[in-house]
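Biologist: I am new to this one. Could you walk me through it and tell me what lies behind each term?

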Amino acid sequence: MSRSTVAMERGDAGSADVRRATVRRPSIRALALPLTFVALTVIGAILTPGFSTAANYRAVMLSAATTGIVAVSMTLVTMSGNFISLACSQSAMVAALGFAGLVGAGVPWPIAVVVVVIGMALIGAFQGVAIAMGLDPIITTIAAGAVMLGAAAAVSNGAQVTFDRVLTPFLSSVQPLGIPLPIYVFVLVSAALGWLAHATALGRRILLVGANRAAAHLSGLSAQRVTVVVFVVFSIGTGIAAILAIAPVGGGDTTFAAPLTIDVAAAVIVGGTILHGGRGSPLRSALGAVIVATIDNLMILNGFSFGERQVAKGVVVVIVVVTIIVLERGGRR
Amino acid sequence: MLDVRGVSKSYGKVGALKSVDFAVGAGESVALLGQNGAGKSTLVKILSGLVRPDAGVVSLDGDETALHSGARAQRAGIAVVQQEVATVATMTVAENLLLGLRAAPVFWTTRTLREHAKPLLAGVGLGHVHPDTPMEDLTIAEQQLVDIARALSEEAKVLVLDEPTASLSDTEIERVLGLVREIKASGRSIVYVTHRLDEVFTICDRAVVFRNGEVVASIEVATASVPDIVTAMLGEALETYFPEPGELGDTRLRVVEMVAPGLAEPVSVALRRGEILGLTGQLGSGASAFVAGLAGMSPATSAEVELDGRAVTIAGRRDGLRDGISYCSGDRKHDGLFPGVSVYKNLSAPWISRITSRGRISRAREYTLAADVAAVFSIDESRLTADADTLSGGNQQKVALGKWLGTDPRVLLVEEPTRGVDVGARAEIYAQLRRLCREGLSVIVASSDTAEVLGLCDTIGVFYKGRLVETRRARDWTESALLTRVMHDASEEASS
């Protein structure tokens, strides 16, 4: 078989094909998310005084940043067919308290960041290996969450772990062009993981393993390797988000980042990533995180309580899931 | 008995059925034939009440019936046995026989269940099966028979069977066909959907041929020949259904004494460059087990394998891939296709590394190579960006098979290459396998379809109960000799 010669004969026709391949007419599904976002912003601007200000947009983005970084990292786990990690909150809490403890003990902040990132990579690898060996991802991450929470409580004795924010000047207060650091990191991580998912061989392997594990095995793709990699990436992403979240606050206890898991799940689901794997996009999860933060922000401005806001997030998730199912059925018939 | 008049159904802009007329008389058995996408399945769905037609009338015994739901269809007297076995594996046979029945009692005991089940089982030749057996302990053929028994218990006037033999081996098919003959003799009407023409000739009176949503021919089977029907299905004459064999080269692969799960004794085979070796046998005879073992699917395999004169070890699937041994299993839904992923990404799955440089996939290169593969198997290029699971069965099979071409394999192992594939796609798949062999590929086909093996292969080996019992050149086999060998083992008789 002389595949290469055939390819050459085709010559420039190839590039036209590629254009056809990549420029698809956007489906309802692809447009639903940006349209929702635009609608939300317009409605918010009209109905809610104080929403449409630079300061408020910055606040929305800042609150979306932490959730967003974790959600974008989580998307790879979900795409690979490993559902979602139910240990988001605990992972973030352990990373944040670890960082606080290190800085509080006098470790220079850049070294503390490196130590936390390496530690989180190990925690991720540990879960990834367990799941690759055949454990159920949901059970494994629940167990990991319990272990992390227990360990953190034992080490900190349930007390606040604090540090002086003067020690972390770059992380805590730097705002290039008036925009807080976490927003830059959010954009950067989203772009990087979006590129990884769509343009690299690793991203393709993640997608294929998620779509059909048995077929991936036949094609020589290792689901085990992919599983370990996605959990390491997820864990590192969570660690970075946690450091950015605790730096401006200067400390926290074991309840730090408690609602994170549900927020991240909401962002991933609103982003349209299919929970059983094989379809999804980190960039859409990023947009999902912004949408969830916008809803939250609108409700805060309109005087809703924390509890009411959590209920609203749950309702939004259900609405999105039902909408996706209805749209898919409609598309098939 | 059953009269379908002017039935149409469109999905969006696509007309799946265009004003279809056909009738089935009492005690008549009619085959519905046509390539994938010709409209057979849509008609079956309409008859079973799963899909509502846009226009047209279905009458039974002269009464117009509105088949709004499965229950309505049942009440009207139409029983449907769907293509996939529709039983619950974890429930007992007796429980399965009550599933979905309109007449199912509200309360029952194990004993009433058993009493209900016994005559039904006996009616389909499963008298030896205890009603309390879990469904999953039965073979697929037996499950299919239970499914038919359930349909029969509804006192249906018309029995619709949608490819009931698609996943059965030849001996098992005999059982199902025998049962269909009995049902026919009892005066009930049968609508039989199939891809296997020999079945049409054994049990059907008439063949209604669909093409592009229309009925193009209604053929009296008694006076027709295979080419007549195939021509009607294709709309053009098939010159040769099977391609001409080519020249064979030097030895490509030697397997000595392979031990694998599912094999009763070590198996040795040799394969030459350009050769298609067919391994046939009943389901579970060991042909598939041998091929899966050679592909590196079962890690416990031990064998001496020599590829182009070099010894290789195949401990896992990745070893096989590295050495140029590609494997396409018989179950594309399970491990052949990536659903929800576009066709070209499906095609490139085994050769991602070929289109990757420094971790990045070159989309241009990927798409060009995928388009080449698509061209070889005549997969419509405009469908390359569609999700693979939206293609027809024949095209899905071409994708599942075609993706291996990009790895430039030396040996291609294929199980059941044309399961659930229409005649047109079948001929294309055969022709391409042969063409690839002329270019130097060697192929091993494991298939329970003896006609396929006889027409396609250069050499044929027969497996029986986990042993390779006989290998001969294809031209030295006759169809009856091959079928006899598949169905029983002469040496076994001699020794006992």
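**Chain B, term by term**

Biologist: What makes you say that both faces of strand β16 of chain B are covered?

Modeller: On one side of β16(B) (residues 325–328) sit B:Ile325 and B:Tyr327, on the other B:Ser326 and B:Cys328, and all are buried. Buried means that 20 or more other C-beta atoms, placed from the backbone, lie within 10 Å of the residue's own. In a regular strand the side chains alternate between the two faces of the sheet. This is a predicted model: local features need pLDDT of at least 70, side-chain atom pairs count only at pLDDT 80 or more, and totals for chains, interfaces and linings use all residues. Residues are numbered from 1 along each chain as its sequence is written, while chains are lettered from A and ligands numbered from 1 in the order in which they are written.

Biologist: How do you know that β16(B) pairs with β19(B)?

Modeller: Pairing takes at least two DSSP bridges between two strands (E runs of at least two residues, numbered from the N terminus). Four bridges join β16(B) to β19(B) (residues 411–415), and the two run parallel. B:Tyr327 has B:Leu413 as its bridge partner there.

Biologist: Why are β12 and β15 of chain B said to stand at the edges?

Modeller: The open sheet has the order β12-β11-β14-β15 (chain B), with antiparallel pairing. β12 (267–272) and β15 (310–312) each have a single partner strand, so one side of each is left without a neighbour in the sheet. For β15(B), three bridges link to β14(B) (residues 302–307), and B:Val305 is partnered by B:Val312.

How values were computed
A residue is buried if 20 or more other C-beta atoms lie within 10 Å of its own, exposed if 12 or fewer, and partly exposed in between; C-beta atoms are placed from the backbone.
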